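Welcome! Have a look at the model below, and then we can walk through its contacts together.

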There are 2 protein chains.
Amino acid sequence: MPAPTPRPRRTQAERREATTGKLVDATIACLAERGYANTSVAAICGRAGVSQGALFRHFATRADVIVAAADEITRRHLAQFTAAAPSLRADALERIVVLVRALTRTDTHAAWREIMVAARTDPDLRDAAAEGLQSFERRLIDTAAQFLGLDPRTAERVAVVLLSVMHMFDSEAVTVTVYANERLERERVRWATQMLARELAVLVH
Amino acid sequence: MPAPTPRPRRTQAERREATTGKLVDATIACLAERGYANTSVAAICGRAGVSQGALFRHFATRADVIVAAADEITRRHLAQFTAAAPSLRADALERIVVLVRALTRTDTHAAWREIMVAARTDPDLRDAAAEGLQSFERRLIDTAAQFLGLDPRTAERVAVVLLSVMHMFDSEAVTVTVYANERLERERVRWATQMLARELAVLVH
DNA sequence: AAAGATAGCGAGCGGTCACTTTCTAAGTTA
DNA sequence: TAACTTAGAAAGTGACCGCTCGCTATCTTT
């Protein structure tokens with residue numbers, strides 16, 4: 001008689017990691033497509049294909065799941081930026097600007113924004129979000145220094161500009177989902193590129 | 001014998017307007033200090049000092065109250081900007097930048113942001129938010145034209161910059177509540193002022 | 001293989017959600 | 001003043017919320 005189910009035989013650590021991973025992925029997806037208010041424990045578990053009991057074995061509260069998702073998003077953001085870093089060249093600034101904009105329009109970033117906005121009025125989330133934010137800023141400075149060939153001091157000033165541009169696109173991304181204005185968006189890329197070029201010109205010379 | 005309660009004797013229209021006004025005010029306050037997810041009907045009514053039955057006499061759904069709040073916020077934003085407009089002068093650009101930043105840090109704007117972010121994943125809110133957004137953009141262009149003494153075409157390009165700066169500060173305002181970085185914020189004002197000056201210089205000549 | 005620990009399920013908990021219903025108070029019209 | 005309409009309070013309604021608990025399944029240790 002054939003074995004009805006070929007048991008995978010995973011270790012407890014593997015099982016744990018698999019389900020927590022599924023839960024975090026589902027949380028990010030829910031935040032992106034349903035928003036913070038509608039990312040209920042039931043929604044997360046439903047999407048992850050896991051019972052609510054399972055969720056509460058690994059996370060003490062719903063907030064803890066969100067925090068875990070925030071950490072994961074930070075990790076992904078950094079990885080994404082690092083992966084794209086080699087294409088950062090001082091003679092292709094528009095590419096950088098468009099890249100930053102594209103980043104702020106991903107589902108992952110939408111989830112991040114949901115958490116950040118919720119963190120404003122939720123002390124528990126605030127601490128977790130602050131940590132991710134700081135590490136992201138630090139890494140961005142490092143990456144800019146490395147790939148644009150700048151000394152640390154100059155890199156920091158360029159990073160301020162990059163972060164500011166990112167802020168601009170972050171906020172733009174929200175309004176774009178509500179009401180798109182292509183001409184305005186195109187103009188904004190042109191403008192940001194120019195600003196970056198001017199800042200670099202001033203700093204490098 | 002003295003009258004135990006000096007009846008105000010208001011008309012129905014006055015009564016109606018008074019309570020809807022209280023409800024909208026309370027909604028804005030709740031959004032600002034508790035966030036979208038925690039702005040429940042109970043919270044709104046509690047703050048307004050009105051029963052839930054009263055709320056549902058004037059608004060069909062919770063979403064309708066939020067929409068009314070969004071409309072009111074748009075009105076206030078425009079009024080605030082128009083009031084500040086006389087201080088917009090081409091030789092005091094930093095003042096403009098600081099003004100825009102201050103606007104994005106008000107409670108009213110925080111409430112607006114809560115609605116905008118929620119609108120991303122809520123079709124009902126989206127339409128209402130889009131309307132407010134468009135009228136605000138239009139008015140900003142007009143105001144800029146009027147007070148900076150620009151022709152319509154130039155004014156529109158300056159407005160793009162102003163709106164972009166506003167976007168930057170909008171997003172910054174969120175992160176600031178999570179983790180403040182004064183040096184970075186100061187640098188950002190300096191940078192935005194410079195950008196605005198450059199843009200004006202290019203356009204006016 | 002026995003005993004213990006960890007993972008996962010699903011029913012069920014009290015509480016809160018948006019919203020409804022019922023009834024009284026206040027203003028309007030005749 | 002009587003008949004009618006509108007405003008508001010208060011007590012529901014079922015649905016859903018985050019979370020707990022008792023239990024079985026799977027993995028680990030002995």
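## How the two chains meet

In this predicted model, 50 residues of chain B are in contact with 50 residues of chain A. Putting the two chains together buries about 4300 Å², and carbon and sulfur atoms give 62% of that area.

Eight salt bridges are counted between chain B and chain A. One of them joins the side chains of B:Glu199 and A:Arg190, at 4.0 Å from N to O. There are also 20 residue pairs in polar contact between chain B and chain A, counting pairs with both residues at pLDDT 80 or more.

## What chain B brings to the contact

Which helices of chain B each supply at least two residues of the side that touches chain A? They are H1, helix H6 (107–120), helix H7 (123–148), helix H8 (152–178) and helix H9 (182–204). H8(B) gives the most, with 16 residues. Sorted by class, the side of chain B that touches chain A holds 23 nonpolar, ten polar and 17 charged residues.

## Symmetry of the pair

Chain B can be superposed on chain A by a rotation of 180° with 0.0 Å of shift along its axis, and the RMSD is 0.1 Å. The two copies are therefore related as by a two-fold rotation axis. The same surface serves both copies, as 100% of the contact residues of chain B recur in chain A.

Which residue of chain B comes closest to the rotation axis? That is B:Met168, whose C-alpha lies 1.9 Å from the axis.

## The surface near DNA strand D

Now for the DNA. Around DNA strand D there are 22 residues, and the closest are A:Arg10, A:Arg62, B:Arg15, B:Ser51 and B:His58. Of the atoms of DNA strand D that come within 4 Å of the protein, 72% belong to sugar and phosphate. By class, the residues of this surface divide into four nonpolar, ten polar and eight charged.

Both chains take part: helix H1 (12–34) and helix H3 (52–58) of chain A, along with helix H1 (12–34) and helix H3 (52–58) of chain B, each supply at least two residues of the surface near DNA strand D.

Two side chains of chain B have a polar atom beside a phosphate oxygen of DNA strand D: for B:His58 the distance is 2.6 Å, and for B:Arg16 the distance is 3.0 Å. On chain A, a polar side-chain atom of A:Gln52 lies 2.9 Å from a base nitrogen of DNA strand D.

Methods: Residues are numbered from 1 along each chain as its sequence is written. Chains are lettered from A and ligands numbered from 1 in the order in which they are written. This is a predicted model: local features need pLDDT of at least 70, side-chain atom pairs count only at pLDDT 80 or more; totals for chains, interfaces and linings use all residues. Side-chain values use heavy atoms; hydrogens and water are left out. A residue is near a molecule or strand if one of its heavy atoms lies within 4 Å of it. A polar contact is a pair of N or O atoms within 3.5 Å; within protein, one must be able to donate a hydrogen and the other to accept it, and residues adjacent in sequence count only if both atoms are side-chain atoms. Helices (H or I, at least four residues) and strands (E, at least two) are DSSP runs, numbered from the N terminus. Ala, Val, Leu, Ile, Met, Phe, Trp, Tyr, Cys and Pro count as nonpolar, Asp, Glu, Lys and Arg as charged, and the others, Gly among them, as polar. Contact means heavy atoms within 4.5 Å. Buried area is the accessible area (1.4 Å probe) that two parts lose on being put together, summed over both. Copies are superposed by least squares on the C-alpha atoms of residues with pLDDT of at least 70 in both.
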